[in-house]
Structures are given as structure tokens and as C-alpha cells.
Amino acid sequence: MALDMVKFRLVWWFKYFGRGSKDDVTMLLLDVEGRCVDIKFDRIINVCSWAPSPVIDLSFNVDGSVRGSPSMAGIGGVLREAGGKILCLFPLHVEVVNLITTEVLAIHIACSLISSLRQFDGRFLTILSDSSLAVSWINGDGFGRLGLVHLVYNIKQFFSSRIIASIKYMPRGFNSLADSLAKADVDL
């Protein structure tokens, strides 16, 4: 968790103030160690961090964030292989006023990205969200917001079209990079 947060903040520092300001955020994140050649980490303690599941082939951590009035909102996601290699990530600013909508929208964007990337067909995918309410809605445990019906329906269609896909709740502490991506535009 702490290492992911440090990497993410370094990337944004490089993007706006340091070497690599013209590089894409994804490329900076994938090469952050190469840009920090003068820094050595002798000991890093991870209290809560991402760990691969022995069953999951691909995991897509997603998160949403809302701050202030008027609301500033963002969503983010990180697609990883079982070994931890980052395959795709997204930070997006969204025009949304409540947290549950951002959480459902982040899941929807992850589903859309996976649908558009055919190289992941046939691989076992788990989407991980720290919103137990959004996960329960998508898994069919009731539904409380009529304004989100179309998004939840599209997400359910995605899962029904992929036999080897699931969505699960993951506590907030294990979702730090997706959380940082969601807050990127909100905190600037």
C-alpha cells in the first residue's frame, strides 16, 4: 500500500515538475524505478498491499472518489496479471455527485476496457472493489438506485457474457493504487 502510494505520487511529480513531463502517466508508472536512480530503499514495510490470488489470472482493482462542494470526482483502476505486472491503468475525472455512482462507474469502465481488449478473452478475470454495496448490486443482492440501473445492467451483461469472470469486495487498504488513481484529479 505505502509503496504503491509513493510510486504514484512520484509519477505525478515527474509528470508535472521533473524529468518526463511529456511522458504518459502509464509509462511513467511502469518505469518509476528507472527514473529514481539516486534513491535506494533499504527497507520497505507493507502493512496492507496488493497480493496475487492463486486462483485469479487477471485482477482489476477499481475505486471511486468524491470530494468537496461542488463535487469533484474521479475514478481509477489497475489491471494486473497474477504475478503483479501492471497491464493497464486509468485515472479519470468524472462529473458525478455521489460516491456510490463513482464506484459503479469505475466498475463499468473496467468492464468496458476488458471488453475492448480481445487479448484477455479466455483468461480468468476478477474485478475487485472496496464498495460492498456496488459489489452486492452487481452480484444480484437487491438494488437501490434507479439512476444507476443502466450501468448495473451493462455490468451484469458483461459478467454473463464471460463465464470466467467475477466481482468481489476487497477492503480499502488493499486497493491503494486504484484509490490513488481515483483521487488524482480530485486532489490536484
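Me: In this predicted model, why is Asp-130 called buried?
Reply: The relative accessible area of Asp-130 is 8%. Buried means under 20%, so Asp-130 qualifies. Asp-130 lies in the loop between E4 and helix H5 (132-138).

Me: What does Asp-130 touch, leaving out residues up to four places away in sequence?
Reply: Its contacts are Val-62, Asp-63, Glu-103, Tyr-169, Met-170, Pro-171, Arg-172 and Asn-175. Contact requires heavy atoms within 4.5 Å.

Me: What makes Asp-57 and Arg-123 a salt bridge?
Reply: Nitrogen and oxygen of the two side chains are 2.8 Å apart. The cut-off is 4 Å, between a Lys or Arg nitrogen and an Asp or Glu carboxyl oxygen, so the pair counts.

Me: Why is the pair of Asp-57 and Arg-123 said to tie parts together?
Reply: Asp-57 is in the loop between helix H3 (32-35) and strand E1 (58-67), while Arg-123 is in the loop between helix H4 (99-116) and strand E4 (125-129), so the pair ties together parts that are 66 residues apart in sequence.

Me: How do you know whether Asp-57 and Arg-123 are buried, partly exposed or exposed?
Reply: Asp-57 has a relative accessible area of 26% and Arg-123 has 23%.

Me: Which residues make up a network of salt bridges?
Reply: Asp-57, Glu-81 and Arg-123 are linked in one. Arg-123 also bridges to Glu-81, with the closest N and O atoms 3.2 Å apart. This pair links distant parts of the chain, Arg-123 in the loop between H4 and E4 and Glu-81 in strand E2 (residues 72-81), 42 residues apart. Glu-81 has 25% relative accessibility and counts as partly exposed.

Me: How many salt bridges does the structure hold?
Reply: The total is four. One of them joins the side chains of Lys-183 and Asp-179, at 3.2 Å from N to O. Both residues lie in helix H7 (residues 176-187), four residues apart, about one turn of the helix.

Me: What makes E1 largely enclosed by the rest of the structure?
Reply: Eight of its ten residues are buried, so the strand is described that way.

Me: How do you know that E1 pairs with E2?
Reply: Ten bridges join E1 to E2. Pairing needs at least two, so the strands pair. They run antiparallel. Arg-67 has Met-72 in E2 as its bridge partner.

Me: In which sense do E1 and E4 pair, parallel or antiparallel?
Reply: E1 and E4 pair in the parallel sense, over five bridges. Asn-61 stands opposite Leu-128 in E4.

Me: Why is the pair of Phe-158 and Phe-159 called edge-to-face?
Reply: The ring centres are 5.2 Å apart and the planes stand at 75°. Rings pair within 6.5 Å, and planes over 60 degrees apart count as edge-to-face, so the pair meets both conditions. Both Phe-158 and Phe-159 are buried. A search of the whole structure finds two aromatic pairs.

Key
Residues are numbered from 1 along each chain as its sequence is written. This is a predicted model: local features need pLDDT of at least 70, side-chain atom pairs count only at pLDDT 80 or more; totals for chains, interfaces and linings use all residues. Side-chain values use heavy atoms; hydrogens and water are left out. Helices (H or I, at least four residues) and strands (E, at least two) are DSSP runs, numbered from the N terminus. Buried means under 20% relative accessible area, exposed over 50%, partly exposed in between (1.4 Å probe, protein chains only). Rings of Phe, Tyr and Trp (its six-membered ring) pair if their centres lie within 6.5 Å; planes under 30 degrees apart count as stacked, over 60 as edge-to-face and the rest as tilted.
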